[in-house]
Amino acid sequence: MSPVTHFFVGWAVANSVPSLEKRDRAWITLASVVPDIDGLGLIAEILTRNSAKPLTWWSDYHHILGHNIGFAALFTALAYAFARRKLLTSILVFISFHLHLFCDLIGARGPDGDQWPIPYLRPFSTTAEWTWAGQWALNSWQNLLITASLIALACFLAIKRGYSPVEIFSRKGDATVVKALRQRK
Ligand SMILES: [Zn+2]
């Protein structure tokens, strides 16, 4: 699924325990987006496309480097080190990360019909690759519906609890968004 959908999935997980602090919510939300960090190679690939030695980092590494149990363990350990409520946050980080893999499994078919198998056991083993034959497309109505529902949930939570996902980027921006949402109600 798209990074936007992953972001709001992570936000929903981060809000499953209302007593968590802002920092821990940010880690849990980030965990649902971070596997796609392996897609950043796209920039290098586009920039060097017409050069003598084009880099193929995106083609080679997207859905490989970040979409596996090794990276999940690494990121969970990092979250454990920095979170306030360490155990609870790292459990939710681990879940949030795996929801990313699950979402990609069910709804990330490329425009060319590419299945994007998930090499889950890397770097320990390259034998297992997850695919699901029923996988729907990245731009399908299912993904749009899921994304719209999650954004609606985020708005509902913002009105109720007084903070929105914007808090991850700016406290001031968050206050503005919450105020606007509460006035609309
Ligand atoms: Zn992904």
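Here is a chat about a predicted model of a single protein chain.

Q: What is this chain built from, helices or strands?
A: Helices: the predicted model has eight of them and zero strands. Going along the sequence, the pattern reads α-α-α-α-α-α-α-α.

Q: How much of the chain counts as buried?
A: Of the 185 residues, 43% do.

Q: What share of the contacts join residues at least 24 apart?
A: That would be 65%, counting contacts between residues at least 6 apart in sequence.

Q: OK, inside now. Which residues touch the most other members of the largest nonpolar core?
A: Ile28, Phe75, Val93 and Phe97, in a core of 19 residues. Helices α1 (3-14), α2, α5 (69-82) and α6 (86-107) each supply at least two residues of this core. There's also another core lying apart from it, with 11 residues, including Phe8, Ile106, Leu150 and Tyr163.

Q: Which other residues of α2 are buried?
A: Besides Ile28, the buried residues of α2 are Asp24, Arg25, Trp27, Thr29 and Ala31. What covers the buried residues of this helix includes α1, α5 and α6.

Q: Is Glu167 buried or exposed?
A: Glu167 counts as buried, because its relative accessibility is 3% and the cut-off for buried is under 20%. Arg25 is buried as well, with a relative accessible area of 6%.

Q: How many salt bridges does a search of the whole structure find?
A: Two. Besides the Glu167 and Arg25 pair, the side chains of Arg84 and Glu21 meet at 2.7 Å, N to O. Arg84 is in the loop between α5 and α6 and Glu21 is in the loop between α1 and α2, so this pair ties together parts that are 63 residues apart in sequence.

Q: And how accessible are Arg84 and Glu21?
A: Both come out as partly exposed: Arg84 has a relative accessible area of 48%, and Glu21 has 38%.

Q: Changing topic: where is the nonpolar patch on the surface?
A: Ile37, Leu40, Ile43 and Leu47 form it, with about 430 Å² of accessible area together. Ile37 sits in the loop between α2 (22-31) and α3 (41-47). With 46% relative accessibility, Ile37 counts as partly exposed.

Q: What about the backbone? Which residues does a cis peptide bond join?
A: Arg122 and Pro123, with omega at about 0 degrees. Pro123 is in the loop between α6 and α7 (141-161).

Q: And what is phi of His63?
A: It's near 70 degrees, a positive value in a residue other than glycine. His63 is in the loop between α4 (57-61) and α5, and it is buried, with a relative accessible area of 4%.

Q: There's another histidine, His98. Where is that one found?
A: In helix α6. Not counting residues up to four places away in sequence, His98 touches Ile69, Ala72 and Tyr120.

Q: How far apart are His98 and Ala72?
A: In sequence, 26 residues; in space, 7.8 Å from C-alpha to C-alpha.

Definitions and conventions. Residues numbered from 1 in each chain as written. Predicted model: local features only at pLDDT ≥ 70, side-chain atom pairs only at ≥ 80, totals over all residues. Heavy atoms only, no water. Patch = residues over 30% accessible without salt bridge, like charges linked within 9 Å, V, L, I, M, F, W, Y side chains within 5 Å. Areas by Shrake-Rupley, 256 points an atom, 1.4 Å probe, with all protein chains shown as cover. Salt bridge = Lys/Arg side-chain N within 4 Å of Asp/Glu carboxyl O. Helix = DSSP H or I, 4+ residues; strand = E, 2+ residues; numbered from the N terminus. Buried < 20%, exposed > 50% of the residue type's maximum accessible area, 1.4 Å probe, protein only. Contact = heavy atoms within 4.5 Å. Core = buried A, V, L, I, M, F, W, Y, C linked by side-chain atoms within 4.5 Å.
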